[in-house]
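Let's take a walk through this structure together. Have the sequence and the 3D view ready.

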Amino acid sequence: MGIVTIEQKVLKKNDEIAADLHKRFDDADVFTANLVSSPGSGKTTLLERTLKFISPALSVGVVEGDIQTNLDAERISKFNIPVTQIITNGTCHLDARMVEEAVNKLPLNDLDILFIENVGNLVCPAAYNLGEHARIVIMSVTEGEDKPLKYPAMFLKSCVMILNKIDLLPYLKFDKELAKRNALKINPDLKIFETSCYNNHGILEWCDWLTNELKLKRCK
Ligand SMILES: Nc1nc2c(ncn2[C@@H]2O[C@H](COP(=O)(O)OP(=O)(O)OP(=O)(O)O)[C@@H](O)[C@H]2O)c(=O)[nH]1
Ligand SMILES: [Mg+2]
């Protein structure tokens, strides 16, 4: 009983900071996307492809979240864009306070898009609003069609699902239509992209969606 109360307080405080962050993002006119997935679904690789293919006229910043290491920030820094690494030291998700600290180190007013790569985990990040405009769940074809049914909160709270690694389909028993049906069962409003970061399938469509959304500054 006591634990539930503390958790509710933590989440309420998180929501307050997230609301402030959201206002800061709006005031700075920066579209913010929170990338969530299981470990290794391809969040950083998708970011690398996005940075390669998105219009060079757009200014992009990245907040990287990991339990340990700054390996992902090192990968992104090769693109010479503003990037900050959050190391959570064991916490399985980012929270709004961590993102606030990271954002304070970024030139927010100069950005058009801010990506927040969350800690690889299909459970905990679902509960923590980071003030983002869009939550993007990435699922790769090696994870099994049932993941949206087993981890519904992540799919319910996202507005886009990216089905990644589709280049591997010829080698797997993975029913992609069933996976999409399962995701839509949880969230009928999900917009779904099929991508391969290896042969770039679907990356341009994803970049076009982003470019459009940042004009609208909201999901759906
Ligand atoms: N075949 C294939 N492999 C991919 C694709 N995208 C990413 N990978 C590989 O998947 C592995 C994990 O990719 P990352 O981008 O590091 O995954 P991540 O989600 O950022 O991982 P964490 O940050 O640790 O949660 C790497 O070996 C990538 O090369 C893809 O479209 N196809
Ligand atoms: Mg990563």
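**From helix to sheet**

Start with helix α2 (residues 43–53), which lies across β1, β2 (60–66), β4, β5 (134–140) and β6 (160–164) and runs at about 160° to β4. Contact here asks for C-beta atoms, placed from the backbone, within 7 Å; axes are lines fitted to C-alpha atoms, for helices over the stretch in contact, with angles from 0 to 180 degrees between N-to-C directions. Helices (H or I, at least four residues) and strands (E, at least two) are DSSP runs, numbered from the N terminus.

This is a predicted model: local features need pLDDT of at least 70, side-chain atom pairs count only at pLDDT 80 or more, and totals for chains, interfaces and linings use all residues. Residues are numbered from 1 along each chain as its sequence is written, while chains are lettered from A and ligands numbered from 1 in the order in which they are written.

Now for the sheet: it is open, with seven strands in the order β3-β2-β4-β1-β5-β6-β7 and parallel pairing, where pairing takes at least two DSSP bridges between two strands. At the edges sit β3 (83–87) and β7 (191–194), each pairing on one side only.

Look at β2 next. Five bridges join β2 to β4, with Val60 partnered by Ile113. Another five bridges join β2 to β3, where Val63 stands opposite Thr84. Seven of the seven residues of β2 are buried (20 or more other C-beta atoms, placed from the backbone, within 10 Å of their own), so β2 is largely enclosed by the rest of the structure.

Notes:
Contact = placed C-beta atoms within 7 Å. Buried ≥ 20, exposed ≤ 12 C-beta atoms within 10 Å, placed from the backbone.
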